[in-house]
Amino acid sequence: MHIEDRVAIVTGAGSGIGRAIAQTLSAAGARVVVSDIDERQAAATADTIRTAGGAAIAARADAAATADIERLVALAEAEFGPVDIYVANAGIIGASGLGTDEQWDVILDVNLRAHIRAADVLIPQWVSRGGGYFVSVASAAGLLSQIGAAGYTVTKHAAVGFAEWLAITYGDDGVGVSCVCPLGVDTPLLNAVRAADDPDTQAGAESIVRSGSVISAEDVAVATVDAVRADRFLVLPHPQVLDMYRHKGSDYDRWIAGMRRYQRSLREG
């Protein structure tokens, strides 16, 4: 996938990883629709891109709402042309523990169904045109697990699974897929989790910080755009995640026992 002159939509691009990906795509020559639930933050990202000489337009949108996704696609087409790249980045950490039915509905919508609904809108267009690229920003929690947050763990696993399915099902039709699975990233989301009062949430945040270095959103963005160029599925900004994943798969019971010990140490600490 050549980035120059491509049209991209990035959700959750008002801050954090989404903002960095939007800026990095623009620096590579893409024209970007910056989407976020926070209209002011989306506008700020678009302003930064335009100030740097790029082409960008901001739009408030709920990444999980089909009507809003369709509106973003129509906006992109009107301003820049057909959409070539869709970055499903918007995400939430959700409630700690098991959560309520209502909390599950919210996190499933944002972290999983948003990806499904975007693909439902765009995949037929891309298959018809013979090409397109879907980027799923998941998490290392989608390959491993997340202490303290069932909803986050389950939806990120599901996001990885859905990205795999897309790559298998539509790869021969010219649709590329990348799935981004970082550990700790210096973003407002991580900062909010670390500042939470709930002990389980705090333990979860501590597990992220201790698992590896907390890298910048820009580091994740560069790795993501490089993967799009190379048509590479799995994006691991923290390379050690691959060793953790292999360790998990080699002996699941041992890995679960180790995670229990790790959780106990975090709670006692």
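Trainee: How many aromatic pairs does the structure hold?

Mentor: Keep in mind that this is a predicted model, where local features need pLDDT of at least 70, side-chain atom pairs count only at pLDDT 80 or more, and totals for chains, interfaces and linings use all residues. Residues are numbered from 1 along each chain as its sequence is written, and side-chain values use heavy atoms, with hydrogens and water left out. Rings of Phe, Tyr and Trp (its six-membered ring) pair if their centres lie within 6.5 Å; planes under 30 degrees apart count as stacked, over 60 as edge-to-face and the rest as tilted. On that basis, the number of aromatic pairs is 4.

Trainee: How many residues apart in sequence are the parts that Tyr86 and Phe134 tie together?

Mentor: Those two rings are 5.9 Å apart centre to centre, with 20 degrees between the planes, so they count as stacked. Both Tyr86 and Phe134 are buried (under 20% relative accessible area; exposed is over 50%, partly exposed in between, with a 1.4 Å probe and protein chains only). Strands (E, at least two residues) and helices (H or I, at least four) are DSSP runs, numbered from the N terminus. Tyr86 lies in strand 4 (residues 85-88) and Phe134 in strand 5 (residues 132-137), so the separation in sequence is 48 residues.

Trainee: Is the pair of Trp165 and Tyr170 stacked or edge-to-face?

Mentor: Trp165 is partly exposed at 45% relative accessible area, and Tyr170 is partly exposed at 22%. Ring pairs also link these two with Phe162 into a cluster. The centres of Trp165 and Tyr170 are 5.8 Å apart and their planes are 80 degrees apart, which makes the pair edge-to-face.

Trainee: Is Ile147 buried or exposed?

Mentor: Ile147 lies in the loop between strand 5 and helix 5 (150-170). Its C-alpha is 9.6 Å from that of Leu266, although the two are 119 residues apart in sequence. With a relative accessible area of 9%, Ile147 is buried.
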